[in-house]
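Please look over the sequence and the model before reading the points below.

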Amino acid sequence: MNKLYIGNVSAEASEEDLESLFKQWTIPHSGPFLVKTGYAFVDCPDEKTAMRAIDVLSGKVELHGKVLEVEHSVPKRQRSCKLQIRNIPPHIQWEVSANRLLTASRVWHRRPAQLGSHLAASGVTFAMEKMNGSMMDNNALKVSYIPDETATPEGSLSGGRRTFNSRGPPRAGSPGLGARPKVQSDIPLRMLVPTQFVGAIIGKEGATIRNITKQTHSKIDIHRKENAGAAEKPITIHSTPEGCSNACKTIMEIMQKEAVDTKFTEEIPLKILAHNNFVGRLIGKEGRNLKKIEQDTGTKITISPLQDLTLYNPERTITLKGSIEACSSAEQEVMKKIRESYESDMAAMNLQSNLIPGLNLNALGLFPSGTPGMGPSMSSVPPPGALGGCSFGVSHSLRCQGQPESETVHLFIPALAVGAIIGKQGQHIKQLSHFAGASIKIAPAEGMDAKQRMVIIVGPPEAQFKAQCRIFGKLKEENFFGPKEEVKLEAHIKVPSFAAGRVIGKGGKTVNELQNLTCAEVVVPRDQTPDENDQVIVKISGHFFACQLAQRKIQEILAQVRRQQQPKPASEPQPPVPRRK
């Protein structure tokens with residue numbers, strides 16, 4: 001059986017109320033409800049039923065005016081001193097959310113450390129009870145234990161009590177645990193609605209929005225406090241793809257009815273928000289994907305220009321015009337493409353990120369953070385030192401020893417792509433430079449017929465990673481490479497001439513190993529004349545992760561060479577030992 005924990009239970013709720021609720025949602029249970037003050041427990045017949053109860057009820061269903069929180073029950077012995085905090089508003093910066101969460105649990109932090117692990121665990125319990133369900137900018141925080149997998153299981157199978165692993169994992173997202181099959185989409189549906197219709201969507205005392213969430217089995221956040229005074233407000237819908245589409249269609253119908261009632265004569269298009277990372281693939285080469293969706297659904301689709309993007313708003317607005325039925329069909333196709341792009345990116349991340357030690361793509365802000373697909377991602381990058389003080393990189397000289405050294409990389413891009421990288425009036429390259437924390441300049445063309453241009457990137461390893469990733473992505477989005485063609489670029493880094501032999505290795509052994517490991521082509525041209533700084537060029541060609549790994553490995557070799565070149569501190573002269581007479 002699978003035991004469930006039901007939190008935020010009203011004091012008025014009884015065992016009969018919970019039984020009636022489970023019956024209403026056709027969720028079977030294999031034992032009686034154990035109702036305590038503020039929470040309850042119940043056993044489900046199998047793992048599938050338990051997961052369905054969590055998906056259907058948690059955060060979506062009210063009982064006596066309180067929204068229930070449903071989780072897998074975690075035995076006390078397997079509760080760690082770590083908490084998982086979800087549903088933090090996506091626009092809140094890392095420093096702000098951390099400070100506010102610490103303030104929310106200030107009593108826990110006042111507990112003396114010398115009292116030991118028992119009080120630490122009770123402090124975590126206190127913090128969880130205090131923060132769970134508390135509001136942060138109109139978002140109800142969800143707090144749960146991160147189970148301690150190394151703890152001794154409570155009871156055994158022979159003793160009749162099931163262990164944690166036999167009951168199934170906790171809710172998806174708990175670090176280090178096997179994820180259960182996902183029903184809810186990783187990408188929520190984000191839409192913009194005219195501010196004057198927000199009241200109609202919410203309804204009197206929230207009745208309309210509650211009805212929508214119940215009918216579509218979705219969680220809907222209306223960000224009323226964002227962009228005070230703006231003509232439009234964002235709405236985020238979390239559910240299955242079908243649930244998101246049904247909720248979106250219902251909202252469109254409500255807006256249309258309200259427009260008729262208020263004699264609002266302007267057309268009300270459907271506006272979808274999507275992270276810029278995915279828009280290029282939605283459009284397709286020469287706009288083919290978008291044209292096909294328009295033809296298949298009978299809608300007119302436009303996308304906001306790149307110039308509207310800012311450092312703190314990486315989302316673009318996709319506007320769909322047509323009938324409600326047509327817009328609903330187009331929304332399904334648009335979100336299908338966006339979800340495919342997201343899954344493709346995540347697969348590439350999971351495949352490659354383990355190759356680069358210390359790599360944390362979420363911390364680098366390369367993909368949507370918080371809830372996937374919901375910007376802004378750029379503003380959520382933790383400040384320097386927030387990740388334990390360690391910087392991105394593999395060499396010991398870059399780890400936890402002050403600021404990492406700045407590096408210079410020359411990245412070669414198609415000459416026709418220069419305009420896309422610079423952007424209108426230089427806005428894109430300025431934003432990119434600010435986001436990455438690097439100096440980014442485009443060198444003059446070497447001739448009238450030059451097919452490539454050199455981008456000079458100066459900055460520490462983390463800045464190099466972020467800047468180069470954006471450039472690779474930009475070339476893909478702007479269709480300088482085909483839909484099935486991988487973006488491969490050439491990068492040059494300079495190394496001291498005396499270290500070139502170490503990069504090559506005896507008989508080319510090191511450079512061959514580099515190529516086998518990274519899948520990049522690494523070449524140290526022979527018979528180079530060192531420049532005025534006694535440096536020679538190493539050429540690296542390949543896709544983004546291959547180039548990055550090769551750069552990091554070469555920098556690691558150079559760090560070893562520099563350490564070996566450092567003079568050893570002279571030992572102090574020892575006083576002469578007197579001879580025995």
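The structure holds 13 salt bridges, each being a side-chain nitrogen of Lys or Arg within 4 Å of a carboxyl oxygen of Asp or Glu. This is a predicted model, in which local features need pLDDT of at least 70, side-chain atom pairs count only at pLDDT 80 or more, and totals for chains, interfaces and linings use all residues. Residues are numbered from 1 along each chain as its sequence is written, and side-chain values use heavy atoms, with hydrogens and water left out.

**Salt bridges**
- Lys 249 and Glu 325 meet through their side chains in a salt bridge of 2.7 Å, N to O.
- Lys 249 lies in helix 9 (residues 241–261) and Glu 325 in helix 12 (residues 324–352), so this pair ties together parts 76 residues apart in sequence; helices are DSSP runs of H or I, at least four residues, and strands are runs of E, at least two, both numbered from the N terminus.
- Another salt bridge joins Lys 257 and Asp 261 (3.2 Å, N to O).
- Lys 257 and Asp 261 are four residues apart in helix 9, so about one helical turn separates them.

**Accessibility**
- Glu 325 is partly exposed at 48% relative accessible area, where buried means under 20%, exposed over 50% and partly exposed in between (1.4 Å probe, protein chains only).
- Lys 257 counts as exposed, at 53%.

- Six strands form an open antiparallel sheet in the order 12-13-11-14-16-15; two strands pair if DSSP finds at least two bridges between them.
- Strand 12 (219–222) and strand 15 (300–303) are the edge strands, each pairing on one side only.
- Lys 219 stands opposite His 238 in strand 13.
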